[in-house]
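This report describes the fold of a single chain and some of its local features. Please consult the sequence and the model alongside the text.

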Amino acid sequence: MIKFNSLSIENTFLLYQSTYKQIKNIIADHLFKTMMSPTTNSALISYYDSRTHFYEKVHKHIKSLNYKYQEKTVITEEMKTKIFRCLSNKYPDEFNSTFKSWCRTSFSIRKIGVESVLCDSKNRKPILIYEQMYEIFKQIHEETAHGGRDKCMNSLSVNYSCYNRQLMQIFINNCQACQNRQAVKIPMLSKPIIELGKT
Ligand SMILES: [Zn+2]
């Protein structure tokens, strides 16, 4: 049983919560200094709003799962560091045998360019890390012209491992452009604007 992944998710989420206001202030300050246009300003604010809403919903989703599933839903940066440390075999006393065995069977480290990347041991694809999830989902969703969940998952699976359909669905549900498009599709009620016979 891997004990610290959900703790790591909790920490990461709290970090997001606490830094969110600071990020907004930094952006506002930067925009003021660089005199960026109001359009760019609102685009950046809406980006951070959307990112925060996404992680809030993901956090809520993970917390709603059975404890044993919570642990393996996502791999955070903190967990990635622990897996790297474990796989390096330099810190034998730091991890228990269950964790070591989980690391060895699930992950491998690949050199891609100058970077050491945590990969799935079976398909050798990079693990999609929790903190990068929003940006990667956004990129994929836009590349597929706001494609649906399955289209996005197919595209994501070309380059990544360890992703989650439900989290992708949360991302798509959170996409403002998709919500606007959906709103246009809903047919209007066929009530006449001018009621006949009442002149
Ligand atoms: Zn969309």
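Predicted model: local features only at pLDDT ≥ 70, side-chain atom pairs only at ≥ 80, totals over all residues.

Residues are numbered from 1 along each chain as its sequence is written.

**Overall architecture**

The chain contains nine helices and two strands, arranged along the sequence as α-α-α-α-α-β-β-α-α-α-α. Helices (H or I, at least four residues) and strands (E, at least two) are DSSP runs, numbered from the N terminus. Of the 199 residues, 19% count as buried. A residue is buried if 20 or more other C-beta atoms lie within 10 Å of its own, exposed if 12 or fewer, and partly exposed in between, with C-beta atoms placed from the backbone. Where residues at least 6 apart in sequence are in contact (C-beta atoms, placed from the backbone, within 7 Å), 58% of these contacts join residues at least 24 apart.

**Helix packing and helix faces**

Helix H4 (residues 77–87) and helix H5 (residues 97–106) have axes that come within 10 Å and cross at roughly 95°. Axes are lines fitted to C-alpha atoms, for helices over the stretch in contact, and angles run from 0 to 180 degrees between N-to-C directions. The two helices, H4 and H5, are therefore roughly perpendicular, a term that covers angles of 65 to 115 degrees. Ile83, Cys86 and Leu87 of H4 make the contact with Phe99, Lys100 and Cys103 of H5. These residues comprise five nonpolar, no polar and one charged; Ala, Val, Leu, Ile, Met, Phe, Trp, Tyr, Cys and Pro count as nonpolar, Asp, Glu, Lys and Arg as charged, and the others, Gly among them, as polar.

In H6, the buried residues are Met133, Tyr134, Phe137, Ile140 and His141. They fall within an arc of 135° seen down the axis of H6, so they line one face of the helix; the arc is that of the directions from the helix axis to the C-beta atoms. Glu135, Gln139 and Glu143 are exposed on the face of H6 turned away from the buried side. Ile136 also belongs to H6 (residues 133–143) and is partly exposed, with 16 other C-beta atoms within 10 Å. Its C-alpha atom is separated by 8.3 Å from that of Leu156, 20 residues apart along the chain.

Helix H8 (residues 165–173) has Leu167, Met168, Ile170 and Phe171 as its buried residues. These cover an arc of only 155° around the axis, which puts them on the same side of H8.

**The hairpin**

Strand E1 (residues 107–112) pairs with strand E2 (residues 115–120) in the antiparallel sense over six bridges; pairing requires that DSSP finds at least two bridges. Ile112 stands opposite Glu115 in E2. Two residues lie between E1 and E2 in this hairpin, and Gly113 in the turn has a positive phi of about 65°.

Most residues other than glycine have a negative phi. The table lists residues that depart from this pattern.

| Residue | Phi | Location |
|---|---|---|
| Ala145 | near 55° | following H6 |
| His146 | about 60° | loop between H6 and helix H7 (149–159) |

Arg124 is exposed, with 11 other C-beta atoms within 10 Å, whereas His146 counts as partly exposed, with 14 C-beta neighbours inside 10 Å.

Notes
Parallel < 35°, antiparallel > 145°, perpendicular 65-115°, else oblique. Contact = placed C-beta atoms within 7 Å.
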